Amino acid sequence: YDLAGMLALNPVNVYYLTNTTAIGTKMRWQYPAFATLPRDPDQPTFLVVTSGMLWDLVNGDRWVPDVIPYSGPLNGGDYLGDEALPLDVEPTAANRQRVVDESLSLTAREQRWIDSGKNYQPSATPEWALARAMKESGITKGRVAVDDMRIAHLLERIGMADNIEFVDGDNLFRRIRYVKSAPEIELMRLAGAKNAEAALATARSIEKGMSYYDIERRFGAECALRGSTITFILAGVTLGLLPDAEVVPGKPFLIDAVSNFREYHGDFARTIV
């Protein structure tokens with residue numbers, strides 16, 4: 001595709017490239033995290049994410065690429081009033097350090113948390129952090145595929161797009177993800193098994209008079225017991241469409257249950273009475 005690199009905003013692609021689901025994704029932020037993928041394999045991949053996640057990322061419990069954090073402008077007034085900075089001028093980033101009692105003896109894990117604040121200097125905003133990651137990834141000119149064209153808008157706004165042609169790379173990310181590695185296949189197996197177990201346990205618990213919402217809550221609880229997260233469960237024709245609005249003895253209906261384990265989904269359906 002003659003690309004200099006790829007940039008991800010879609011949480012699925014960010015997770016794929018960085019092994020991380022940002023806290024901002026769970027909180028429905030507009031720009032929770034980015035990831036860079038340079039064409040040159042000798043260039044680094046970066047995760048761009050809020051500095052609030054640094055403690056989690058330096059725990060060392062999983063592989064993650066290097067991180068470029070963002071924190072927010074030191075002075076919010078930089079964007080306000082007649083004296084506001086032009087959008088293509090990067091404001092000074094806030095770099096607030098957590099207060100630590102230096103007389104305490106820290107564990108190695110705690111020391112990594114404290115060091116992360118010193119080792120990672122944040123940018124002011126997500127787009128400025130992404131621009132920095134692109135420079136360090138060698139993605140500064142040529143064709144760049146993005147999975148969300150809002151990325152192009154953000155970078156154009158801060159003057160980071162003069163030598164770049166942005167192209168829609170949503171389907172290209174899908175083509176890449178189509179090839180599954182052994183760890184992914186194992187996650188798919190686990191997700192499927194856990195989902196089926198939770199769905200069957202839910203089916204066995206269904207009693208006369210239960211509503212769709214009762215069934216949904218039970219499935220969510222059964223998923224949680226197995227370390228998974230409910231995506232949805234159909235009960236009846238779709239979601240809450242039990243024929244009688246509640247479970248009636250002797251009447252069959254469909255359950256179709258989906259949950260995810262570490263972002264991989266399982267799907268299981270049965271007709272039950």
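Visitor: In which sense do strand S1 and strand S5 (residues 142-146) pair?

Guide: This is a predicted model, where local features need pLDDT of at least 70, side-chain atom pairs count only at pLDDT 80 or more, and totals for chains, interfaces and linings use all residues. Residues are numbered from 1 along each chain as its sequence is written, and side-chain values use heavy atoms, with hydrogens and water left out. Strands (E, at least two residues) and helices (H or I, at least four) are DSSP runs numbered from the N terminus, and two strands pair if DSSP finds at least two bridges between them. S1 and S5 share three bridges, and their sense is parallel.

Visitor: Which residue of S2 stands opposite Met-6?

Guide: S1 and strand S2 (residues 33-38) pair over four bridges, in the antiparallel sense. In S5, Met-6 stands opposite Ala-145. In S2, the residue opposite Met-6 is Leu-37.

Visitor: Are the residues of S1 buried or exposed?

Guide: In a regular strand, side chains alternate between the two faces of the sheet. In S1 (residues 5-8), Gly-5 and Leu-7 point one way, and Met-6 and Ala-8 the other. Buried means under 20% relative accessible area, exposed over 50%, and partly exposed in between, using a 1.4 Å probe and protein chains only. All of these S1 residues are buried.

Visitor: Which strands are the edge strands of the sheet?

Guide: The open sheet has six strands in the order S4-S3-S2-S1-S5-S6, with mixed pairing. An edge strand pairs on one side only, and here these are S4 (66-70) and S6 (164-168).

Visitor: How are H1 and H7 placed relative to each other?

Guide: Helix H1 (residues 11-18) and helix H7 (residues 170-177) pack at about 45 degrees, with axes 11 Å apart. Axes are lines fitted to C-alpha atoms, for helices over the stretch in contact, and angles run from 0 to 180 degrees between N-to-C directions. Under 35 degrees counts as roughly parallel, over 145 as roughly antiparallel, 65 to 115 as roughly perpendicular and the rest as oblique. H1 and H7 are therefore oblique.

Visitor: How many charged residues are in the contact of H5 with H6?

Guide: The axes of helix H5 (residues 126-137) and helix H6 (residues 150-157) come within 10 Å and cross at roughly 90 degrees. Contact means heavy atoms within 4.5 Å, and it is made by Glu-127, Leu-130, Ala-131 and Met-134 of H5 and Ile-151, Leu-154, Leu-155 and Arg-157 of H6. Ala, Val, Leu, Ile, Met, Phe, Trp, Tyr, Cys and Pro count as nonpolar, Asp, Glu, Lys and Arg as charged, and the others, Gly among them, as polar. The contact has six nonpolar residues, no polar ones, and its charged residues number two.
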